[in-house]
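User: I have a model open and would like to learn how to read its features. Could you take me through them step by step?

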Amino acid sequence: MTDPQVAILMLSLFILIVMLGFPIAFTLMAMGVMFGYYAYANPNQLDNIFDNRVFSLLVQKTFEVTSSDVLTAVPLFLFMGYVVERSNILDRLFHSVQVAMRNVPGALAVATLITCALFATATGIVGAVVTLMGLLAFPAMLKARYNTGLSAGVVCAGGTLGILIPPSILLIVYAATAGISAVKLYAAALFPGFLLAGLYIVYVIGVAVVKPDWAPKLPKEQTEISFARVFWGLLTSFFPLAILILAVLGAILFGLATPSEAAGIGALGSLMLAAAYQQLTFQRIKEAVFLTARTTAMVCYLFIGSWTFSSVFSYLGGHSVVEHFILSLNMTPIEFLIMTQVIIFLLGWPLEWSEIIIIFVPIFLPLLKVFEIDPIFFGILVALNIQTSFNTPPMAMAAYYLKGVSPPHVKLTEIFAGALPFVFMVFLSMVLIYIFPEIVLWLPEYLYEVR
């Protein structure tokens with residue numbers, strides 16, 4: 001076999017092994033070392049099995065990951081999210097937003113989406129947001145006689161917004177993978193994130209107007225509330241968390257701090273917020289530190305394995321094979337974008353976002369220059385696309401998270417059906433960004449172009 005053929009075998013074998021359920025990070029490292037040993041073999045030094053460049057490559061990639069300035073923000077943002085999650089402020093946050101939205105059609109569903117957007121932005125952890133909102137907002141909507149599918153779709157879709165809206169861990173990982181500015185990527189993600197959340201809210205209000213039996217109005221005792229009570233509820237729950245998020249994002253976007261420094265501010269702010277709510281205990285800090293360390297280790301191992309795997313794959317000529325094949329199709333930039341997004345959408349069924357970003361997206365990155373596509377624009381499309389992987393069967397992890405905390409009578413098929421309209425909202429937002437790329441590119445160009 002030629003080296004390019006070995007590279008394609010390497011990629012195919014990896015996909016097969018992942019489908020069998022083996023740990024992805026260690027599979028990447030094992031296959032990188034195994035095929036790298038073949039790729040870098042020196043026939044004159046076969047007497048020493050450790051005298052092979054692949055071992056130096058593995059050590060080098062480990063050092064690059066652990067010393068990356070960009071990735072320093074990952075554990076800090078994770079710690080911020082886990083502290084906020086364990087501060088038990090979600091119930092009062094949801095209640096205050098629900099009271100504020102009391103006269104809007106589909107008030108409970110709209111309040112759920114707003115709460116999910118804010119909480120997902122603060123934590124960025126899809127499983128935690130969906131699970132907590134599934135325990136809090138989902139029963140409240142069912143008790144108010146909301147349609148089960150609509151209620152489930154609202155929780156699942158809202159819980160995934162943290163994947164796109166800054167400060168998103170996915171965007172940091174993509175920035176490190178693509179070698180671009182995380183600050184510009186955050187700026188580019190703001191409008192698409194608000195666009196997607198806005199489409200969700202418009203859809204829910206439209207359903208509540210067209211099918212009022214799916215989202216009944218709240219009883220009078222829940223709507224006849226004084227303005228002072230509404231304001232006090234928002235002042236003590238919504239605004240503190242919103243101010244923390246805006247402070248972190250503002251420090252990043254206006255150049256007052258790097259993402260890592262802003263993440264440190266956010267981590268400190270989350271501790272202060274937990275203390276203000278009298279939820280700062282040693283046990284909660286211990287849990288947040290443990291979960292942060294575990295998730296950070298997973299990300300680091302994925303980076304080490306994927307970069308080793310990608311280096312060997314490229315050395316064997318795998319990237320060249322893919323590049324030549326795609327170029328031979330004579331596609332336009334739009335056709336190339338559509339093809340890549342279809343592939344990423346399909347990969348979202350068996351794989352999580354971290355594997356897609358770290359392993360498969362780098363295969364397409366070298367081709368962006370050929371098709372004159374901005375890597376920031378491409379990254380936002382990928383982040384939007386990955387929203388669908390959490391809500392599209394057969395995997396649909398958000399649906400499984402919600403099913404795990406739902407009442408027994410709620411069927412998984414109902415959750416799937418309720419989430420699908422929100423998947424179409426994601427596709428609609430992608431179409432709008434295709435048509436109007438300024439939604440992504442205007443803010444970073446305005447803030448950071450040289451004048």
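User: Where does R145 lie?

Analyst: R145 sits in the loop between α7 and α8, where helices (H or I, at least four residues) and strands (E, at least two) are DSSP runs numbered from the N terminus. This is a predicted model, in which local features need pLDDT of at least 70, side-chain atom pairs count only at pLDDT 80 or more, and totals for chains, interfaces and linings use all residues. Residues are numbered from 1 along each chain as its sequence is written, and side-chain values use heavy atoms, with hydrogens and water left out.

User: What is the phi of R145, and is the residue buried or exposed?

Analyst: R145 has a positive phi of about 65 degrees, although it is not a glycine. At 60% relative accessibility, R145 counts as exposed. Here buried means under 20% relative accessible area, exposed over 50%, and partly exposed in between, with a 1.4 Å probe and protein chains only.

User: Which value does phi take in Q278, and where is that residue?

Analyst: Phi of Q278 is near 55 degrees, again a positive value in a residue other than glycine. Q278 is placed in the loop between α13 (259–276) and α14, and it counts as exposed at 73% relative accessibility.

User: What kind of peptide bond runs from P166 to P167?

Analyst: That bond is cis, with omega near 0 degrees. P167 belongs to the loop between α8 (148–159) and α9 (169–178).

User: Now pockets, please. How do I find empty space?

Analyst: Rolling a probe the size of a water molecule over the atoms shows where empty space is left. On a 1 Å grid over the protein atoms alone, a pocket is an open set of points where a 1.4 Å probe fits, with protein on both sides within 12 Å along at least five of seven lines; lining residues have an atom within 4 Å of a point. Grid points are joined across faces, edges and corners, and the volume is the space filled by probe spheres set on the points. In this model, the largest pocket holds about 980 Å³ of space.

User: Which residues lie nearest the centre of the largest pocket, and which helix gives the most to its lining?

Analyst: The lining has 40 residues, with T295, M298, E352, W353 and Y401 nearest the centre. α14 gives the most, with seven residues. Helices that each supply at least two residues include α1 (3–19), α17 (353–370) and α19 (397–405). By class, the lining has 28 nonpolar, seven polar and five charged residues. Ala, Val, Leu, Ile, Met, Phe, Trp, Tyr, Cys and Pro count as nonpolar, Asp, Glu, Lys and Arg as charged, and the others, Gly among them, as polar.

User: How much space lies in the second largest pocket?

Analyst: About 400 Å³. It is lined by 19 residues, and L118, T121, I165, F194 and L246 are the closest to its centre. α12 gives the most to this lining, with seven residues. The lining divides into 16 nonpolar, three polar and no charged residues.

User: What separates the C-alpha atoms of I201 and V110?

Analyst: A distance of 5.9 Å, although the two residues are 91 residues apart along the chain. I201 is found in helix α10 and is partly exposed, with a relative accessible area of 21%.
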